[in-house]
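This report describes the secondary structure, packing and selected residues of a two-chain model. The sequence and coordinates come first.

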Amino acid sequence: MHHPAASTRTNSVVSPDVNTDDGFTAWVAPHWSAMANLACRLCGRSVGEDVLQDALTTAWRKRTQFDAERGPARNWLLALTADQARKARRRSQRQARQLFIDEPAAAPAHSRDIDLDRAIGRLSHRQKLAVGLYYYLGLPIHDVANVMQCAEGTVKSTLADARARLRHELGEDFA
Amino acid sequence: MNPTDIEDLVQLHAQRWTRSQPPPPPLDVAVRNAQLRRRPRIDRLAIAACVIAVLALAAIPVVRTFAQPRSASRPAAPSPQVLAKLTQIARSASAENGGAAVTAEAVHTTYLAAERAVLNGDTGSNPAATTPVWVVQIRGDFTCYSCRGPGRATPTGHVITLIVIAATLQSSDFGLGNQPHDLTSLGNVIPLNP
C-alpha cells in the first residue's frame, strides 16, 4: 500500500492566541480546505457545508481543550469534522445518504466515477472516513489513526475492508 | 480485479475529485458565524428559564389551593336546605339506633381527612380522597340493632359518627363509639338541632 501522490500535507500551525478572531482564523486557515473536503466527502455538498460550520463552531467553543501533545491541529479539526458528520448522519441518516448518492461530491467525469462514488457512499461511516482521510485528503496512516482515535493497524484493516467492499460493489462493472 | 487496481482507481478518482472541488466558504465569515451560533444556545437557555419561571408562577395558585387548610375549602355557610337535610339525617340515625340525640354537630371536610380523623383509617368505602363530605357527630345513648349478629352482643355507644357525601347528602359511613371526636380539627363546626 503506498500513499497517494496527490497528498498535500500541512504541518500544525499553532497560533499563540487562538482566543482572538484573527488568531483563531489564522490557526484554522491551513486546515480549512481539508475540513471542507472531509465534510463534503462524508456528507455530500449541501449537508457538508452545515457539518463544516458545526465543526468550526465546535472548534471555537473547545479551542482551549486542544492539546498539541496528542496530535497536530489538523488532526484535531478533522476529528471534530468527522464527529459532526457522524452526528449529522444520525440526525437524518436516510436523507444524508440520499444526498450523497444523488449529489456526488464532484461532477464525475464518467460513469466509473459515478459508480465509485456510489460504492463509497455505501461504505460504513468509519470505512468512509478512513478512505476520505487516506485517499482524498492524503493523510498518512499515522494521522488517520490519530483522527479516528484508533491504532494504525485498525486503520489498515479498515481500509482493506473498504477496498474489499468496493471491489464487491463495483464487481464486473469495473472489470 | 486485483488490489492495486482498486487502489489506483480510488487514487485517480481522489485526484480528479480534489481538483474539482470549489474553494471552501470564506473562513472569516464562518468564524463569525461560529461565534454567533453560540447565541442560540444562550437564547435557548434563556427561553427555558423563562418557561420554567412562567410555569412556577402558574403553579403558585395551585400550590396555594392544595396547601390551604381543609376548612378553607368549605362553603362559607351551608344553605338552609343542607342544614335541614343534615339535621334529618342525624334524627334518623338516632331513631334507627334506639336513642334520641342529645346534641348533633357537623363539619365540612374531605373524605380522606374525615376517614383519618373519625373512622380510624380505611372503612371499605371508596369515595375519592378529595370528595367533599360532611362529618356528622351525634351524642346520646345508642344501640346498633342492625349490627347484631349470632354470638355477639349488640353494640352500644354514646356517639354516632356519620360521613355524608356533600354532593348527594347520602350517608356513606357509620360509626358507633363512646368517645366523641374533636371535629374542630377538621374545620368550622356547625351545630345541628336534632
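The text below covers chain A, then the sheet of chain B, then single residues.

This is a predicted model, in which local features need pLDDT of at least 70 and side-chain atom pairs count only at pLDDT 80 or more, while totals for chains, interfaces and linings use all residues. Residues are numbered from 1 along each chain as its sequence is written, chains are lettered from A and ligands numbered from 1 in the order in which they are written, and side-chain values use heavy atoms, with hydrogens and water left out.

**Chain A**

Chain A contains eight helices and zero strands; helices (H or I, at least four residues) and strands (E, at least two) are DSSP runs, numbered from the N terminus. Its pattern along the sequence is α-α-α-α-α-α-α-α. Of the 175 residues in chain A, 51% are buried, where buried means under 20% relative accessible area, exposed over 50%, and partly exposed in between (1.4 Å probe, protein chains only). Taking contacts in chain A between residues at least 6 apart in sequence, 65% join residues at least 24 apart. A contact here means heavy atoms within 4.5 Å.

Helix H3 (residues 73-91) and helix H6 (residues 125-136) of chain A have axes that come within 12 Å and cross at roughly 145 degrees. Axes are lines fitted to C-alpha atoms, for helices over the stretch in contact, and angles run from 0 to 180 degrees between N-to-C directions. The crossing of H3(A) and H6(A) is right-handed; a crossing is left-handed if the near helix is turned anticlockwise from the far one by less than a right angle, and right-handed if clockwise. H3(A) contributes Leu78(A), Ala82(A), Ala85(A), Arg86(A) and Arg89(A) to the contact, and H6(A) contributes His125(A), Lys128(A), Leu129(A) and Leu133(A). By class, the contact of H3(A) with H6(A) has five nonpolar, one polar and three charged residues. Ala, Val, Leu, Ile, Met, Phe, Trp, Tyr, Cys and Pro count as nonpolar, Asp, Glu, Lys and Arg as charged, and the others, Gly among them, as polar.

**The sheet of chain B**

In chain B, five strands form an open sheet in the order S4-S3-S2-S1-S5, with antiparallel pairing. Two strands pair if DSSP finds at least two bridges between them. Strand S4 (170-177) and S5 of chain B are the edge strands, each pairing on one side only. From one strand to the next, the twist averages 25 degrees.

| Strand pair | Bridges | Sense |
|---|---|---|
| S1(B) (residues 103-110) and S2(B) (residues 132-143) | eight bridges | antiparallel |
| S1(B) and S5(B) (residues 190-192) | three bridges | antiparallel |
| S2(B) and S3(B) (residues 156-165) | nine bridges | antiparallel |

Thr109(B) stands opposite Val133(B) in S2(B), Glu105(B) faces Pro191(B) in S5(B) as its opposite residue, and Ile138(B) has Ile160(B) in S3(B) as its bridge partner. Helix H4 (residues 80-96) of chain B packs on the sheet, touching S1, S2, S3 and S5 of chain B, and its direction makes about 35 degrees with that of S2(B). Helix H5 (residues 111-118) of chain B also packs on the sheet, touching S1, S2, S3 and S4 of chain B, with its direction at about 130 degrees to that of S1(B). Strand S1(B) is mostly covered, with seven of its eight residues buried.

**Single residues**

Thr25(A) lies in helix H1 (residues 21-43) of chain A. Its relative accessible area is 18%, so Thr25(A) is buried. Apart from neighbours within four places in sequence, Thr25(A) is in contact with Leu27(B) and Val31(B).

Gly71(A) sits in the loop between helix H2 (45-61) and H3 of chain A, and counts as buried because its relative accessibility is 13%. With neighbours within four places in sequence set aside, Gly71(A) is in contact with Phe66(A) and Asn146(A). The C-alpha atoms of Gly71(A) and Val147(A) are separated by 8.6 Å, and the two residues are 76 residues apart along the chain.

Gln149(A) is not a glycine, yet has a positive phi of about 55 degrees. Gln149(A) is placed in the loop between helix H7 (141-148) and helix H8 (152-174) of chain A, and at 66% relative accessibility it counts as exposed. Leu169(B), a residue other than glycine, has a positive phi near 55 degrees. Leu169(B) is found in the loop between S3 and S4 of chain B and is buried, with a relative accessible area of 15%.
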